[in-house]
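Reader: I would like to go through this model feature by feature. Please give the general idea where there is one, then the case at hand.

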Amino acid sequence: MKHNIAFRVKGMSFLINKKGLYVFSAALIILIAVIIASTALGDMNMSMIEAAKSIFGGGTSLHNLVVRSFRLPRILLAAFAGMALAVSGAILQGIVRNPLASPDIIGITGGASFTTVCFLALFNINDKGVSISIAWLPLASFAGAILSGLLVYFLAHKKSILSPFRLVLIGIGLSAGTEALTKFVMLIGPVYLASKANTWMTGSVNGASWPQVTALAIWFTVFFIITFILARRLNILELGEAVPVSLGSSSNKDKKILLIISAALTGGAVAFAGGIGFVGLMAPHMARKLVGSAYGALIPVSALIGGILVIISDTIGRTVFLPLEVPAGVLTSAIGAPYFVYLLYKSRNH
Amino acid sequence: MQGVIKKRFAKGTGLIIIALFIIVCMIGSIALGVTSISIDTFIHAYTHFNGSNNQVIIRDERVPRALIAVCVGSSLAIAGALMQGLTRNPLASPEILGVNSGASLMIVTAVTLFGASSPSAFTWLAFTGAAAGSIIVYLLGSLGREGLTPIKLTLAGAAMAALFSSLTQGLLTSNEQSLDAVIFWLVGSIQGKDLHNLSAVLPYFIIGWLLSLLIGSKINTLMLGENVAKSLGQNTFIVKLATGIIIVLLAGGSVAIAGPISFIGIVVPHAARWMVGNDYRWLIPYSGMLGAVLLLLADILARYVIMPSEVPVGVATAVIGTPSFIYLARKGDFK
């Protein structure tokens, strides 16, 4: 049996991995099912069929209101944040060639958190809100993500060799530094900021709105397409330091571009949903188990898994512990840390 | 590895010089700040106490603060030096090994769920959290055939720290009052603590300091490698266990008083190693002394940045420490 389907049109041709296609379709179906299930659950429960109807505006007017104004934006924001973080993690794991790297561990999330909290503190008026449009917030997080990404990247160079280990170590050091600075800004900043920033840093999609969903959706789609095009470069990078060069690929330049894309994706997710931890670590890993490590299939599948993970975490967080609401980031970390332990345990003899 | 100071006599003299320097820094710490205080006022505060503002500041604020800085600074530095020896890893330190985040989680849990507030409760909570955090990270980092490698240890520490701190934040989001109560503590600060906080922990510190001075030569042997140490007749398990207990006493005690003050435990032992080399009999007292100096200086500096309010000293050490950590990470030879 052939493993691939050849796809040829005039001017271009590519192979589609059959297994990848099956897994992708299955994951897509699960994602849609999870979205519908999550829409149905909450303070006001409804059946899956009612929920599906309401998504398209065909339910009762009350259901339509609850679903379309409150639940759906939140769920979609969770989905896009999860997808962005997962793709970002998949890229980083390719660059670092270590399955344990992720945007939160190498300091990209930390940098984004710092600039976001600074933004909230700088433009604060009378403890009530911010003096300029909140729409600029993503730009602040993105700037933080990119800056810390580049800083880690350049500091990890020595004699023009990028060592993956050094990248990880410097990222960890940098995130410890930015964490202290973030807490400091929270401390000297206005009172309301501390609790707001705290919720936000943990990662929560509470209070999502349609404009946020649209913005993140566009942001994610653009960078996802670029990543998908560059997937072959990632495949080559996985082969090590020497092979890419001998294959005519400029290893360092590719790494830089991919790192910026990865930071951009994380920055987008952090801007709207905060620092949801461990998704960038778990999702690519699970995807690798399902479809292998060829990036053409790995990237879309990780994205779907990331979306599923964050939606499930958020749904549990807002339904199980009522009347308390647990931020999605706490739950992803609660699943993610044991998973990380399992990864360390499994890789113990390599 | 040899340090800059080679002769035994010079090393001894060096210690005395640093000790004198600590006294100078302590006087600075007592005298400098929003309210400047003269030496006379200081002496009178203890000989002719008359309840004036300055005298109260000295007795209730400045002197406890200087003493806490000395104790916490030296404890953190010694804990860091011991961790680096035990794991044979130049990047090991309390914050990397999950001690700080473990203790923070434990204390925040107790504050939010059970309303704990007494210094002695904090001490025991911090010890438990510190011990649990470091044991988990150590075990995770040493899984596998090649044992404890710097990269695995650091990754395990970072992941556990991420888990603990996100649980901490989760607890805090569910309870905003306690956020206000603990946020200052979470950043790491030695301001506004009184001598009760110190006296709750001081016995453990003293035990930790004395044991760490005694264990120096044992660690020298252990540094030769597990097998060599065993063949030289050392019971490596006991030595490691004792070192672990000292680390928990010193690092956990520090977190209990001052919250997570980062980077002292990593920067200071390296400075000490540069001076006296890798001989733990000298490295430990040097680390302790230099740690006290660094924390005192960082604390004085923290008062001047945004006068009249203060930067928490944990932030000041992080600002000094991050570049040093990155320098060390760059210096190391990683494939």
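**Fold and charge pairs**

Author: Chain B has 13 helices and 0 strands. The model is predicted.

Reader: In what order do the elements of chain B run from the N terminus on?

Author: The order is α-α-α-α-α-α-α-α-α-α-α-α-α.

Reader: What radius of gyration does chain B have, and what would a compact globule have with 335 residues?

Author: A compact globule with 335 residues would have a radius of gyration near 20 Å, and chain B has 20 Å, so the two agree. Along its principal axes, the C-alpha trace of chain B spans about 65 × 55 × 35 Å.

Reader: What share of the residues in chain B is buried?

Author: Of the 335 residues in chain B, 58% are buried. The accessible surface of the chain comes to about 13,800 Å², and 68% of that surface belongs to carbon and sulfur atoms.

Reader: Among contacts in chain B between residues at least 6 apart in sequence, what percentage joins residues at least 24 apart?

Author: The figure for chain B is 74%.

Reader: Now the charges. How far apart are the mean positions of the positive and negative charges of chain B?

Author: Chain B has 20 positive and 13 negative charges, and their mean positions are 16 Å apart.

Reader: How should I read individual charge pairs, and how many salt bridges are there over all chains?

Author: Side chains of opposite charge can pair when their charged atoms come close. With a cut-off of 4 Å between nitrogen and carboxyl oxygen, the count over all chains is 4 salt bridges.

Reader: Which residue forms a salt bridge with R74(A)?

Author: The partner of R74(A) is D314(A), with the closest N and O atoms 2.9 Å apart. This pair links distant parts of the chain: R74(A) lies in helix α3 (residues 61-96) of chain A and D314(A) in helix α13 (residues 295-319) of chain A, 240 residues apart. Both R74(A) and D314(A) are buried.

Reader: Why are R303(B) and D299(B) separated by about one helical turn?

Author: They are separated by about one helical turn because they are 4 residues apart in helix α12 (residues 280-304) of chain B. R303(B) and D299(B) are buried. Salt bridges that share partners join R65(B), D299(B) and R303(B) into one network.

Reader: Does D279(B) count as buried or exposed?

Author: D279(B) counts as buried because its relative accessibility is 18%, and the cut-off is under 20%. The side chain of D279(B) meets that of R281(B) in a salt bridge, at 3.0 Å from N to O.

Notes:
Residues numbered from 1 in each chain as written. Chains lettered and ligands numbered in written order. Predicted model: local features only at pLDDT ≥ 70, side-chain atom pairs only at ≥ 80, totals over all residues. Heavy atoms only, no water. Helix = DSSP H or I, 4+ residues; strand = E, 2+ residues; numbered from the N terminus. Buried < 20%, exposed > 50% of the residue type's maximum accessible area, 1.4 Å probe, protein only. Rg over C-alpha atoms; globule rule 2.2 N^0.38 Å. Contact = heavy atoms within 4.5 Å. Areas by Shrake-Rupley, 256 points an atom, 1.4 Å probe, with all protein chains shown as cover. Lys, Arg positive; Asp, Glu negative; His and termini not counted. Charge placed at Lys NZ, Arg CZ, Asp CG, Glu CD.
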